[in-house]
Amino acid sequence: MKYELTHDTIARQIYEQASEQLKARRRARLIVQRALERYQERGVLLRQEDLDEVRPYEKSIRFSSAEQQLIRESRNALAAAARRRRNIALGIIALLTFFLAVALWQWKSAAESAAAQRRMRLALQADRELNAGRPSVAFRLAQSAHSPRNDHSTRSLIENILQRLEESRLYADLSHEGPVTQLAFGPQDSLLITGSADGTVRLWDTLGRLRHTLSHRAPVTGIDLGTGSALVSTSLDSTIGIWTLDGQAQLRIPQPAPILSVDAHPRLPLLLTAAADRQVRLLDFEGNLVKSFPMEDTILTAQFSPDGSYFLIASPGMVWVQAIKAEGKLILSRFRVQRPVREASFVQSDDARLATVVIGKSGTHILNSEGIVDTTGFYKFLNEEIGDNPKIKTVRFSHLYPAQRPKLLFVSSDSLIQWWTAREFDEQNRPSGNIDYRIHPKAEVTWAGFSGSNRYVLSASGTHWAEFWDLDERKVSHRLQCIIHKAVFSTKDQYMLTSAGDHSAKLWRLRTAGAPKEFQVLLQHFDERLRPLLPEEKQSFQLD
Amino acid sequence: MDSPFKFLDAYEQEDVEQFFGREKETGQLYNAVFSSNLTLLYGASGTGKTSLIRCGLADKFYDSDWLPLFIRRGQDLNRSLSRSIRQALERAAPEHFSRLSITEQVQQLYWDHYRPIYLIFDQFEELYVHGSAAEQETFYQTIARLLTSGLQAKVLIVIREEWIAYLDAFERMVPGLFENRLRIERMNDRNIFRVIGGTARYHGIPIEEPALTIRNIIDNLRDRNERVDLTNLQVYLDRLWRTDIEQNGRRAEKVALRPSLVRQVGKLDNVLALFLVEQMEQLEEKLRAREVSHPEGLPLEILFALVSEEQTKSTKALEEIRRALPEDRRLSEANLRFCLKELQRIKIIRPVE
């Protein structure tokens, strides 16, 4: 017996009254029924969305065992497919990770290799720079080239460079943006002062750290320390700057013309400037003009004597010496020199007997304050020694070393360096002197002079080597590989400050004994070779 | 008290005394089946297609001229056809009967009765609601062969008009399908008037102020489209009858249709839906009395099992209905049978062979 509704109209009514849940359950049942037919005909299983629709009613529908089996099989198949998909995805991820790792490794190797080559080139460049006498550049290049991953040859080269640098005694590199032209030590050698064509004066501590920068608007032409630790600077911007040593501007004195040089009086608040308008001006520290001295020709030099009793102005045709009394009064003392003057200076050691060295075209003479060739005492012998020698290019006097025994160092134009010591008496009990030593560098002499203590003579030449001669021992005490165009020394010969026409000044340590504690620390750093010389200034050099 | 009205059941030949309003259509159908071996009858749901054939058309024939086989799809239309033929045989079917083709089986049947055979496929849309493509194809071929066999067999296809488009494939196999067709229109007011008057008279229910009463009934039954559904009419008449008994305390033989009663029941938007809800509640009460726990919604779930996804009726056996109920609302077989019996009593379902 079967049953049916009496009419389709009732069927519609019942369908409308039936709850959504009833309809959904009906749909779920139909889904499985139809799926079973499909499965039996074509072996097609239920899809995931069908299973999702069936799941909520699975317990409330009386499925046949075939239908239950179909649901189970479909579920298992879908789970297996999901596992396959997940495994495939995992496989792809693993494969991609592997390829990525290989790519990264190759990229890293390539980068490593490029970096290693770059470091080798830097080391070679450092070697070339060191051979060319530029140890600071060489040091920084070696520093940039250093890496724990360097191969043996690069490491050996860097070690070699550092060993040679260690021997070179280079201590610090003081950088400017233009050629360094002015060098000075501050009071008690606690400060380094450099002036440059970049228009700045820079103050550094003895560790080589920049402390202050003082600015002009044109190249700096002179720096000097006046009384009361005032720092004086002159520039082509036609001003004189007076500064405190902690970098404060005290006074800016405008001048009618660019200033070429300046000398500060050792005791009195006086400045002597040479200007481009051929005027030498004597000024006080307030900027007041005491007196100006017009010159007919180019000004070769304008300087105070070591004790400040005189000042000297030299031009090719005239030498002008003037005495200064304690209260600043001037006493005229002026003479003309017949022969063209190339250089004039005070004899550093001889305050009692003022002399002027005139190097003319025809010879070198030491003149007295009247402008006459000095024939008294051992100057007579000195004049005899150097007289009428047209080859003399530079003359330097030492301070008294030892007491009352002046030394003179002169450089011939044929690169012969000689120094001469005055002696009180010769065998015949006459005042005399003699040539102590002659050296003949293989290249042109770039700079020669006495050290701060006057114990050493430094000779630098185009060979890119500088030698320190111990005057007592009469031998070379040490050699430095460097170029020196200008050098100044600290008073006890601990440090030397040099320039070579490049954009830096270099500080060298000459004696390790007695060096301040921080220097020792730094020396240890230096000895560790690969540590930055000065951490604050660490920078990398790039090859061109 | 059971309702005297036909309710939603189709009219059978014996109901001809209470079958009103379709005299014209009955004549048209009678002419149509005579003019061709294949007739297509279609119309909207609730227009009385089945009643027209089972009652109107059947009554036109003498028994000697007419061997009607009413065939519903059941599980498979082709098998149902064969089974119907076998059951119609006077004598026991020969052994090889099942191996015969349908044409041969019809031939056998004809020889058995010597009467023209009318194969009437009612609710033909079921072939499309439930049938497979193969089942449809087989059926078309069978009909095509039968129609060209020269046998004394006529085919009448009865289908709801919204399914008519599905006949396309059938027409390709049987090109004359639409040549002899008849559409049953909705009944007009005049005929409805006659139906109400005739039905009341048939059941011995007097109508006071008939013109006004019937007019009011028709007005109360109009839907938004001003149409009157015949199924609703039967339900409405039942409601009037029951209201007079249950609320006004009249005895059944004293019930009379009158304007005041019509006003009392009033206009009902969906009288069938209301009827259903009420009947379901009553059935739930009865189930509760039979100590069924939580019977709420159970009758509706039973009925829902008899509705197809296409919102048409669906024939099901007791066990199928039981299986369609959710696991947690299992009814004992006795209770289910009780429900089905009750639903039968209120004429919502009927048993089918």
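How many residues lie between strand 16 of chain A and strand 17 of chain A in the hairpin they form?

Reply: Bear in mind that this is a predicted model. As for the hairpin of strand 16 and strand 17 of chain A, two residues lie between the strands. Strand 17 covers residues 318-324 of chain A, and its pairing with strand 16 of chain A is antiparallel, over six bridges.

As for cover, strand 16 of chain A (residues 310-315) is mostly tucked away, with five of its six residues buried.

For some context, chain A holds eight helices and 32 strands. Of its 544 residues, 50% count as buried. If you take contacts in chain A between residues at least 6 apart in sequence, 44% join residues at least 24 apart.

Another bit of strand pairing in chain A is an open sheet of four strands, in the order 3-4-5-6 with antiparallel pairing. Strand 3 (180-185) and strand 6 (210-215) of chain A are the edges, each with a single partner strand, so each has one side without a neighbour in the sheet. Ignoring direction, neighbouring strands of this sheet are turned by 20 degrees against each other on average. Strand 5 of chain A (residues 200-205) pairs with strand 6 of chain A over five antiparallel bridges, and Trp204(A) has Leu210(A) in strand 6 as its bridge partner.

Helix 1 of chain A (residues 8-17) has seven of its ten residues buried, so it is largely enclosed by the rest of the structure. Among those buried are Ile10(A), Ile14(A) and Tyr15(A). Within chain A, the buried residues of helix 1 pack against strand 1 (2-5) and helix 2 (20-42). From chain B, they pack against strand 4 (153-160), helix 10 (230-246), helix 12 (271-289) and helix 13 (298-304).

The largest nonpolar core has members from both chains: of its 64 residues, Leu5(A), Ile217(B) and Ile348(B) touch the most other members. Leaving out residues up to four places away in sequence, Ile348(B) touches a set of residues including Glu4(A), Leu5(A), Thr6(A) and Ile10(A), along with Phe275(B) and Leu343(B). Another core, of 38 residues, lies apart from that one, with Leu81(B) and Ile143(B) among its members.

Taking the two chains together, 50 residues of chain B are in contact with 30 residues of chain A. They bury about 4,000 Å² between them, 55% of it on carbon and sulfur atoms. On the chain B side, Phe304(B), Glu309(B) and Arg323(B) lose the most area to chain A, together 19% of what that side buries. There's charge pairing as well, with seven salt bridges found across the interface of chain B and chain A. Lys313(B) and Glu4(A) also meet through their side chains in a salt bridge, at 3.9 Å from N to O.

Notes
Residues are numbered from 1 along each chain as its sequence is written. Chains are lettered from A and ligands numbered from 1 in the order in which they are written. This is a predicted model: local features need pLDDT of at least 70, side-chain atom pairs count only at pLDDT 80 or more; totals for chains, interfaces and linings use all residues. Side-chain values use heavy atoms; hydrogens and water are left out. Two strands pair if DSSP finds at least two bridges between them. Axes are lines fitted to C-alpha atoms, for helices over the stretch in contact, and angles run from 0 to 180 degrees between N-to-C directions. A nonpolar core is a set of buried Ala, Val, Leu, Ile, Met, Phe, Trp, Tyr and Cys residues joined through side-chain atoms within 4.5 Å. Buried means under 20% relative accessible area, exposed over 50%, partly exposed in between (1.4 Å probe, protein chains only). Contact means heavy atoms within 4.5 Å. Buried area is the accessible area (1.4 Å probe) that two parts lose on being put together, summed over both. A salt bridge is a side-chain nitrogen of Lys or Arg within 4 Å of a carboxyl oxygen of Asp or Glu.
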